[in-house]
Amino acid sequence: MTDHDTSYKFLFAHAEMVRDLLLGFMDSGWVRSLDLTSLEKVSDGYVSDDLRTRHNDALWRVRWKREWVYLYLMLEFQSKVDHYMPLRILTYTGLLYQDLLRSEALEETGRLPPVLPIVLYNGRRRWRAATDLSDLIQPVPDALKPYQARQKFMLLDLGIQAGEGALRERNLVAAVFAMETSVTEEDMLRASLCLVNWLEGAGQAHLQQGVLEWLRRRGPRLDSQVPWQ
């Protein structure tokens, strides 16, 4: 795991960041039906060594009606697009389900919980690879289609998201993405001022610390933009 990857783990260890990620970047009324106050980080001890050592990711769960939905955040900050990411997601989802069975953590119905895999990508080139496993499988006769594995993930390409997500309303993730992808000093200043203003006030110290750690690991260009040091 690179220092870049771990810097984002500090950010997405906070429920506020996961909440803003969902509210600001998932275009669905379904998010509004979630009980975002129930966001709960799944501890490292909750999953097996096999799953824990194979990803850089953050695992959360949130209540939807009376059931848990698992949010699998894959922090992919790499220079090259991974063309087999859907296969990786399928593997991780299977490992998560195995761990839930092993730990007897299923709901009373015994059914497996839904999983929303989210890939955060920060490569220089825009993501052009498949986000659906079916696009990686060679054509098959119609009779075989029902038996093929299925898996899709939600892609957040920071270069695109930051350009589309204007800082019109309070969203910590939008400010972070804007700082990360800013080209001019003016863009950097505008995003950093939003972040500073939104994190002012009582009860924000823990999140300020997470942001500071992200800035420190990202380098002096970003680190000089906030006054909390």
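Trainee: What should I know before we start?

Mentor: This is a predicted model, where local features need pLDDT of at least 70, side-chain atom pairs count only at pLDDT 80 or more, and totals for chains, interfaces and linings use all residues. Residues are numbered from 1 along each chain as its sequence is written, and side-chain values use heavy atoms, leaving out hydrogens and water.

Trainee: Okay, what makes α6 roughly antiparallel to α7?

Mentor: Helix α6 (residues 172-181) and helix α7 (residues 185-198) pack at an angle of about 150°, with axes 8 Å apart. Angles under 35 degrees count as roughly parallel, over 145 as roughly antiparallel, 65 to 115 as roughly perpendicular and the rest as oblique, so α6 is roughly antiparallel to α7.

Trainee: Which residues in α6 and α7 meet?

Mentor: L172, A175, V176, A178 and M179 in α6 meet M188, A191, S192, L195 and W198 in α7; contact means heavy atoms within 4.5 Å. The residues of that contact split into nine nonpolar, one polar and no charged.

Trainee: On to charges: why is the pair R102 and D99 called a salt bridge?

Mentor: A salt bridge needs a side-chain nitrogen of Lys or Arg within 4 Å of a carboxyl oxygen of Asp or Glu. The closest N and O atoms of R102 and D99 are 3.8 Å apart, so the pair qualifies. R102 and D99 are three residues apart in helix α4 (residues 85-102), which separates them by about one helical turn.

Trainee: How many salt bridges does a search of the whole structure find?

Mentor: Seven. Another one joins D157 to R126, with the closest N and O atoms 2.9 Å apart. D157 lies in strand β5 (residues 154-157) and R126 in the loop between β4 (115-121) and β5, so this pair ties together parts 31 residues apart in sequence.

Trainee: Why is D157 called buried, and what does R126 count as?

Mentor: Buried means under 20% relative accessible area, exposed over 50%, partly exposed in between (1.4 Å probe, protein chains only). D157 has 3%, so D157 is buried; R126, at 25%, counts as partly exposed.

Trainee: And how do you know whether D142 is buried or exposed?

Mentor: D142 has a relative accessible area of 59%, so D142 is exposed. Its salt-bridge partner is K145 (3.1 Å, N to O), and K145, at 45%, counts as partly exposed.

Key: Axes fitted to C-alpha atoms, helices over the stretch in contact; angles between N-to-C directions. Helix = DSSP H or I, 4+ residues; strand = E, 2+ residues; numbered from the N terminus. Nonpolar A, V, L, I, M, F, W, Y, C, P; charged D, E, K, R; others polar.
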